[in-house]
Every structure is written in structure tokens, then in C-alpha cells.
Amino acid sequence: MLDLSRLRALHAVSVHGSVSAAAVALGYTPSAVSQSITKLERETRTTLLERRGRGVVLTDAAVRLAETTRELLVMVERAETDLEERRGLPTGRLAIGAFASAARGLMPGVLAALGREHPSLDARLAEVDPHESVGLVAQGVLDLAVTFEWDIEPLPAPDGLERARIGNDLCDVLVPEGHPLDGRGPLRETDLAHQRWVCQPPGTVCHDWLVRTLRAAGSEPDLAYQVAENHTQVALVAAGLGIALVPRLGRGPLPQGVRAVPLEPTPIRRLFAYWRAGAARRPAIHETVRLLREQWPERRF
């Protein structure tokens, strides 16, 4: 009899491409994932992982077993959903993925409320980039993803997923005190030309949005400082090194020497929760979406 938790570990490695990334997604240590797969190899008397440089790759047998495991996890989810729906209470494990600023500015309150109100629910959180989270829900690695789309760049969703709107996250232009844009009224996109920018790295939604917006306004952006963390961006602005477009969610109070200037039209990130249609009847999904909306901090912006 194959152990489901070990099969789940193999499936996670196949999805994420490495033992360490699979461990993050599952909430385990890398050694625990490696041990699970070693035991699965003994159970199946089959080599499942092969060393390739500093990483590992799945053997052909492991690829087939991972594909079968995905089908098995769908059936397990259906059975768990039926049981949870009959009980009428959120139970079991709920794997949630959220992008960085939502993980910081929204999820702590939601997770704390889930723990207080539903002690039988084991909610887990992984920080996941928006480009990846929806796909991980579709693949069965995550049960629910908190992600976003820009107002000018809708996020495509695979078939078989459902979503609910959480709220709008507004963005401001952050400038150092004394900057030529400091103290001005609402800025227009043309006011942002020929500025030195602090922004997200290439390949992120925020970076792509900024580049597209500035080019549409007739300016080739000078992206001098490309860092992933919003708090690092704010620190670079505070040092007088450039300006940044930073969403309000998870930003926290601005330090001395940094000013927030509104931009019109105001850039908006629309936040959504995504889950598989097959899990839509789970009380855990309904309760998590309810709390996401209830704790959405828009009213404090």
C-alpha cells in the first residue's frame, strides 16, 4: 500500500522542480521531503529521483507516478470535501498561497481568526509570486491562492478554477522629501517621465506594469534600483536615491523623509482568491474567503 503523504511529496517535487521548493510548499523541511521520497522508493522498489548537478530530476517512472498521484489527489479532495460539507465545519488542512504584501498586510489577521473560530482547521501559508500561485492551485499543490491583477493587465486563470473579489489595493508614488514632485497635487503619468526609479525586478507583475505604463506615456524608464521587497524600495526612496510606485497593502507607515503623492488615474491592484471548482463546497474555502473580505483593510487607507 503506497503512503499518500509520500506520494504528495513526490508530486510537489514534480510541480516545483526541487526538494527545497517542494518543502516550502508543503510546510515541511527539505530533509523530511527527501526522507519521504526515499521511503517511497523502498516501497516501490524503484528509483524516483536522480542527481543532476546540484539538484535532482524525476526518473521516467517518477513522472508517471506523479501524474497518477495528481489524479489520486483529486479523488481524495473530492472525498474530503464531501465529509467536510456533511459536518458543516472547516476541518483538515488548507494550503494557502499569497503574494508578499498580502502575506504581510492581510494574512496574519485572517489566519489568526481561522485559528480562533475553527480550531479543527489546519491552515498553512506559503508566500508565492502571483505568476505562480494560480497554477499551483490548478495543480492541486495549493487549496487557495490570494493573488492580484492590475487594472490594465487581467490575470488569466486556468479552466476549473473559481474566484472571488477581495478588494482594491491602491498605489501611490513615493518620493523623497524635497523632491520636485513632493507637495504637488495629483500627478499625471507624463509627470513621471525622466525620473530615476526604484522598482521590482524584471519578470514580476509590478515591474511589467511600470514599464508598460511609462512607455505608454512616451518615456523610457530609468530603472536604477530593482529590488523585490517593498520595504527595501521605501528605504531606497528615503535615502533620496529615486522614486517608487508602491501599493498600500502591507506598506505600513512611511518613514520620515518619504512622501506619498497620488497619481491619476490611480493605479489599482484587484485582489482575488482562487480555488478549484471541485473544492468550492468546502466550508474551509467559504470561511477563508469571508474572512479575507471582512479583514480587507481598504477602509483604513
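Leaving aside its neighbours within four places in sequence, histidine 207 touches Cys199, Gln200, Pro201, Pro202, Leu223 and Gln226, where contact means heavy atoms within 4.5 Å. Histidine 207 lies in helix α8, and its relative accessible area is 10%, so the residue is buried.

The model is predicted: local features need pLDDT of at least 70, side-chain atom pairs count only at pLDDT 80 or more, and totals for chains, interfaces and linings use all residues. Residues are numbered from 1 along each chain as its sequence is written, and side-chain values use heavy atoms, with hydrogens and water left out.

Helix α8 covers residues 205-216; its 12 residues reach 16 Å from the first C-alpha to the last, close to the 16 Å expected at 1.5 Å a residue. That expected span is 1.5 Å times one less than the number of residues. Besides His207, the buried residues of α8 include Val205, Cys206, Trp209, Leu210, Val211, Thr213 and Leu214. An α-helix has 3.6 residues a turn, so residues three or four places apart point the same way. The buried residues of α8 pack against helix α7 (130-138) and against the strands β5 (144-150), β7 (196-199), β8 (222-226), β9 (243-247) and β11 (268-276). Just after α8, glycine 218 adopts a positive phi of about 90°.

Helix α10 (residues 283-294) also has 12 residues, and reaches 16 Å from its first C-alpha to its last, close to the expected 16 Å. Its buried residues are Pro283, Ala284, Ile285, Glu287, Thr288, Val289, Leu291 and Leu292.

The loops hold several backbone features. Most residues other than glycine have a negative phi, and most peptide bonds are trans. Arginine 45, in the loop between α3 (30-44) and β1 (49-52), has a positive phi near 55°. Its relative accessible area is 75%, so arginine 45 is exposed. Histidine 194 is placed in the loop between β6 (161-176) and β7; its phi is positive, at about 60°, although it is not a glycine. Histidine 194 is exposed, because its relative accessible area is 76%. In the loop between β10 (258-261) and β11 lies proline 265, and the peptide bond from glutamate 264 to proline 265 is cis, with omega near -5°.

The chain as a whole has 10 helices and 11 strands, which are DSSP runs numbered from the N terminus (H or I, at least four residues, for helices; E, at least two, for strands). Its C-alpha trace spans about 70 × 50 × 35 Å along its principal axes. Of the 301 residues, 46% are buried. Among contacts between residues at least 6 apart in sequence, 76% join residues at least 24 apart. The accessible surface comes to about 14600 Å², of which 50% belongs to carbon and sulfur atoms; such areas come from the Shrake-Rupley method with a 1.4 Å probe, and for residues only the protein chains shown count as cover.

Confidence is expressed as pLDDT, the predictor's score for each residue from 0 to 100. The chain averages 88, and 98% of the residues score at least 70. Confidence is lowest in helix α4 (residues 60-87), at a mean of 82, and highest in helix α6 (residues 107-117), at 96.

Conventions
Buried < 20%, exposed > 50% of the residue type's maximum accessible area, 1.4 Å probe, protein only.
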